[in-house]
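Let us take a friendly walk through this structure, one part at a time. Please have the sequence and the 3D view at hand.

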Protein chains: 2
Amino acid sequence: GMATIEDVARAAGVSRSTVSYALSGKRTISRETRERIEHAISELGFTVNAGARALATSQTMTLGLLSQFHQDEFAPAMLQYIRSVSDASRELGYDVLFVNDANAAAGVRRITSSNQVDGVVLLDVTHADPRLDTLREARQPGALIGLPGHSDGLDVFDLDFGEFARVLVDHLYGLGHRELILISPPEHVFERGGSYGWRFRDAAVERAGRYGLRIHTYYGESQQPAIGVRVNAILDARPGATALIVHNDATIATLPLILQTRGIRVPDDLSVVSLYSQDFGRIFSLAYTAVESSPDTLGRLAVQQLVRRINDPGQAGPPVVKFIAPELIDRGSAA
Amino acid sequence: GMATIEDVARAAGVSRSTVSYALSGKRTISRETRERIEHAISELGFTVNAGARALATSQTMTLGLLSQFHQDEFAPAMLQYIRSVSDASRELGYDVLFVNDANAAAGVRRITSSNQVDGVVLLDVTHADPRLDTLREARQPGALIGLPGHSDGLDVFDLDFGEFARVLVDHLYGLGHRELILISPPEHVFERGGSYGWRFRDAAVERAGRYGLRIHTYYGESQQPAIGVRVNAILDARPGATALIVHNDATIATLPLILQTRGIRVPDDLSVVSLYSQDFGRIFSLAYTAVESSPDTLGRLAVQQLVRRINDPGQAGPPVVKFIAPELIDRGSAA
DNA sequence: GCCCGTTGTCGAACCGGTTCGATTGCACCA
DNA sequence: TGGTGCAATCGAACCGGTTCGACAACGGGC
């Protein structure tokens, strides 16, 4: 058995409560007593029992992180969110309970109703996410990464996909392009309700229309060799287009190889712009002009807001919907 | 406040202990009483408080998962381990506490000494992993994914890299190749003590020597454009080599583009074999003959063994060192 | 009619902390 | 010199479960 606070108290010749107060600093303790206690603690190798503390304080100092691996999903981007949420949590003193249940809503219920966590972060939120209702019923606050159809009562953090699209269209328009191609996420993402697909597409089309540009929009694919087939078919069908906007992780990741095979040089023969994070670009060796998807910022903001609500229930104001503004990183792939 | 077992007891007109026994089934309860209790439970929406249960039973039903993102590491493979450990844990009734502290050893100490977990899985274990000593001091059992220099007291699961190398060399030898190139992980992986680097290389060299093959070994790089520069330099330096063995995630991921750029066809001009998982191959659209790195099996075995030790302390036998045998998946990239 | 074993339930102790109210001793002020 | 206030500490209650020992009721064997 491990040393308990009782053991420390005995070794230091004081009561349990005195040890507790010495630990928390919530009441004044004389210097000598505190030193005796500290000595006993290091002597015995005492550590507070997390379960007991959680029971007494109703605070677990743990956040739930709910990821979700959709079938056919292009997963690598997920890791960046897991990292950023985990890092931000740790900095604020929280641990992370990672949940990836097949039944995601049940996972939310399990960790919230049993009081295993003080708050929940949902990754990869879809338009009609089945986890949302369950999360709303929970006592603990929740923060979403990704905008659902109805976010009532929950804090939302997402990229401003509309603005992202406009920045890219503006960039291409400014460079003189007049006919564009947009490759969106795969169709099944739209069907599942990943709203970022149409938020980006609609804004791009609207903006292009305002400028009088022609823009052709297509669904992308999520796996080879379908990706290559699709891209080639699109390029064959639109020989007049001078620029490609790729809003599709799997497609942008293999694009260098596809274009290379076709003998297309970027930006000489075709301009390419996209949307991905620097880490993502490094992993796939991409050097396209892109708006940064900053998973780090997103995860960090979500955790910060969550912790604010935990410490300040009801006080932290009405639910927040925060969109990250685009930051264009010009890598010269559009001319 | 949530409903407690006391509320359930009151609603069902029984004592707390009776409710507890009805829940656990550790003592016989009459049918009518059990039904009254179950009714009360669903009526009140009662769920056992995890902290209280952990305190009473000294079991948290949570496993610690310690990942570690080394600087310059090629991370995508990590996600597969996280998934498999998490899935396997859930199937056995455990939750996963995900820890990614900058100071990894401190992370181990934190979650073990505070009794937040019943066991610990270490990912990406290096030769002289600083987490090991801390883990050995813990009350909880630990399972490693990756072979360290000294694994005393801990269960180890890893690929049989030596055998993996031999299978690939055998494959190439059988196809008539007489001069091979091996691209290993980056040098800093060897320095850090990732033993898989030399375990694979030494076995490949030994096997090639036995067959009288020439084999040239090189460190790979972990990032573009260094990867391309390195690969091109190697190919320039060894024009006589007919086959390439790539034991390096980052390199194999960009190899298609590099070879395409050089105008090298696989397997017509050069045979290529490697070591990666099917998922990894799908993400990077790779179609090389490779030995499967089965992160899924590895994660699952580690968790199973860990749970065995948790339920059966001291009884589960001496520490295990289990190596996964290679499975060659012939995708025709060697001729 | 008595003894015994079984079934079903209860009360109390315990797990390891936190926190509130009470108490003691001492310095300070009027 | 008595009252006041503060610093330092203690004891007890509580958080929400689990588990052990006790006990009543009951049926069966003799």
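**Around the DNA and beyond**

By class, the surface near DNA strand D is made up of 12 nonpolar, 13 polar and five charged residues. Here Ala, Val, Leu, Ile, Met, Phe, Trp, Tyr, Cys and Pro count as nonpolar, Asp, Glu, Lys and Arg as charged, and the others, Gly among them, as polar. A residue is near a molecule or strand if its C-beta atom, placed from the backbone, lies within 6 Å of it.

A word on the model before we go on: it is predicted, local features need pLDDT of at least 70, side-chain atom pairs count only at pLDDT 80 or more, and totals for chains, interfaces and linings use all residues. Residues are numbered from 1 along each chain as its sequence is written, while chains are lettered from A and ligands numbered from 1 in the order in which they are written.

Of the 30 residues around DNA strand D, those that come nearest are Ser17(A), Thr28(A), Thr33(A), Ile5(B) and Ser17(B). The elements giving two or more residues to this surface are helix H2 (16–24) and helix H4 (50–57) of chain A, along with helix H2 (16–24) and helix H4 (50–57) of chain B. H2(B) gives the most, with six residues. Helices (H or I, at least four residues) and strands (E, at least two) are DSSP runs, numbered from the N terminus.

Now compare the two protein copies.

Next, look inside chain A, which has 14 helices and 12 strands. Its C-alpha trace spans about 85 × 35 × 35 Å along the principal axes. Strand S1 (residues 62–66) of chain A is mostly covered, with five of its five residues buried; buried means that 20 or more other C-beta atoms, placed from the backbone, lie within 10 Å of the residue's own. Thr62(A), Gly64(A) and Leu66(A) point one way from S1(A), and Leu63(A) and Leu65(A) the other way.

S1(A) pairs in the parallel sense with strand S2 (residues 95–99) of chain A over five bridges, where pairing requires at least two DSSP bridges between two strands. Thr62(A) stands opposite Asp95(A) in S2(A). Four bridges also join S1(A) to strand S3 (residues 119–122) of chain A, running parallel, and Gly64(A) has Val120(A) as its bridge partner in S3(A).

How values were computed
Buried ≥ 20, exposed ≤ 12 C-beta atoms within 10 Å, placed from the backbone.
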